[in-house]
Amino acid sequence: MNDTGLNSLDGGGLFPRLQQRYGLRANPLEMETPFFPDAMRHHALETLRHLSGFGDLALLLTGASGAGKSRILAELVRSESARLDFHRLPAAALTTSQALARCLLSIAHKSLGEPGEAREAVYGFFRWSEARARKGQRMVLLIDDAERVPPELLRVILGAFLAADRSAAAVPVFSGGKDLIELLGLDEASSGVHQIHLRPLTREEVRGYLEPRVHRAGGEVSEMLSPARVRQIHESSQGSFGGIQRVTPGVWLDMVSAGARRSRPGSQSLKGLRWPALALVLLAVSWWIVSNQYEDALKDDVSVVTPERVRKSITIGPENPEVEPVGAPEGSAELQQDIAAVLVNPEPEDEAAPEPEPEPEPEPEPEPEPEPEPEPEPEPEPEPEPEPEPEPEPEPEPEPEPEPEPEPEPVVTPDFRPALPERYVRITEVRAMQGFTAQFVAGFREQTATRFLERHSQVPGLRYTRSTRQDQDWFVVFYGEFEDAAAAREAVAELPGDLRAIGPWIRPLGGF
């Protein structure tokens, strides 16, 4: 597909053409709202909101180009800027360690000292950010397009965060492609980092993304999002938001034919084998034609076999000088010439051909040796007399059954002792509850939950529990037990403003 042709402004641009053809009131591809929640995008946003505010992990937002990473970061800033202090670190500015230190110290309104102190300044910034969190506002560092930053600077930022108090220090949020994990030097055993990956959209999700926008723009959904067009948009865009915005206008204006779809890797390999296969076919046809012609030539070629001429030598001695050749045909010129040659050069008698030696008589075959007489078979030994059967022994008295061994007592593991027992609820009790609740905070450290409860001690309905996640303790702060999700939202609406601004997650109690 030719992107230049689709994005050109010749003839008034693409949107006027769409507006003229479909009667649109606005451009559906330029609408930032509504936020698309499917394909785990809403889950990714909620995870970023909770972990950036109350977690103790560095966050990685990964996905292919055009997967919507920047859109999710923008939605995170829009919804959480009231309680979190966001700072963007542009990738183009992070070229050296001194440049990184200057960017961070400008946030703290401090200046950089000696050039050799850049690394220490980065570590000092994260220690300084802990005090900001204790005053009630935590800092979040957003690093979009992180794969464009030198890997050593990304590792310095991550190392400085892990060296600080992770529950209070500024949270780094790295956004980039799938190679971001390798750039940070992480593996499966790495701790202190949480990855959120954005997968491509399916065909139904592409339709779900475009349908509300087409409806708000005043277009006909059944016409603009017919199954054939949705399939063509999905295949051409590869399920990315950037690809959808790029190829959709051309599909709606019938500027992209079915043959302009992106070919799959398998079809490319088949196209590459087309010419070698054609050459093999031509070679086989030519071989078949030549072989047929050769067989016809063999049938037509009748070879005449001439018998070999046998020359007989005749020795003429002095006793018979005028012996005529026996059996020679009359008038044979060639035989007369041979005879004349023998008469001119007579051979001596002693060189006559020797008589053949008589063949040796065959040796007599040896007589076969007489077979040895068979040895007499040994006489069978007499069978031994049967022994008398022993008298039956008296049956032993039955032994008393052994007493059953006592079962081992179960090993009692030490119970978990919560720091705030009056606010703690066992996970078994939570899962036995019915209905819904509102989840506010979750983290691997109990201190994350207890600090939140101490900060909002005026709300007695806030409690916390302990479960497991990734084979580690996972502490969750929740509020109330309600019949349904609507009742939970009504109860959250009556909470203080700082709790309402968090935007808790309404979830069923049995799913903890």
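Predicted model: local features only at pLDDT ≥ 70, side-chain atom pairs only at ≥ 80, totals over all residues.
Q: How much space lies in the largest pocket?
A: About 470 Å³.

Q: And which residues are closest to its centre?
A: Of the 28 residues lining the largest pocket, Gly66, Gly68, Lys69, Arg71 and Phe241 are the closest to the centre.

Q: Which helices supply at least two residues of that lining?
A: Helix 4 (69-80), helix 9 (203-217) and helix 12 (241-252) each do.

Q: OK, which element gives the largest share?
A: Helix 4, with 4 residues.

Q: How does the lining of the largest pocket split by class?
A: There are 10 nonpolar, 9 polar and 9 charged residues in the lining of the largest pocket.

Q: Switching to the second largest pocket: how much space is in there?
A: About 400 Å³ lies in the second largest pocket.

Q: How many residues line the second largest pocket, and which lie nearest its centre?
A: The lining has 19 residues, and those nearest the centre are Gly53, Phe54, Ala133, Gly136 and Arg455.

Q: Which elements give two or more residues to that lining?
A: For the second largest pocket they are helix 3 (41-54), helix 6 (118-134), helix 17 (446-455) and helix 19 (497-502).

Q: Where does the largest share come from this time?
A: From helix 17, which gives 4 residues to the lining of the second largest pocket.

Q: And how do the lining residues of the second largest pocket divide by class?
A: Into 7 nonpolar, 6 polar and 6 charged residues.

Conventions. Residues numbered from 1 in each chain as written. Heavy atoms only, no water. 1 Å grid on protein atoms, 1.4 Å probe; cavity = no way out; pocket = protein on both sides within 12 Å on 5 of 7 lines; lining within 4 Å. Points joined across faces, edges and corners; volume = space filled by probe spheres on them. Nonpolar A, V, L, I, M, F, W, Y, C, P; charged D, E, K, R; others polar.
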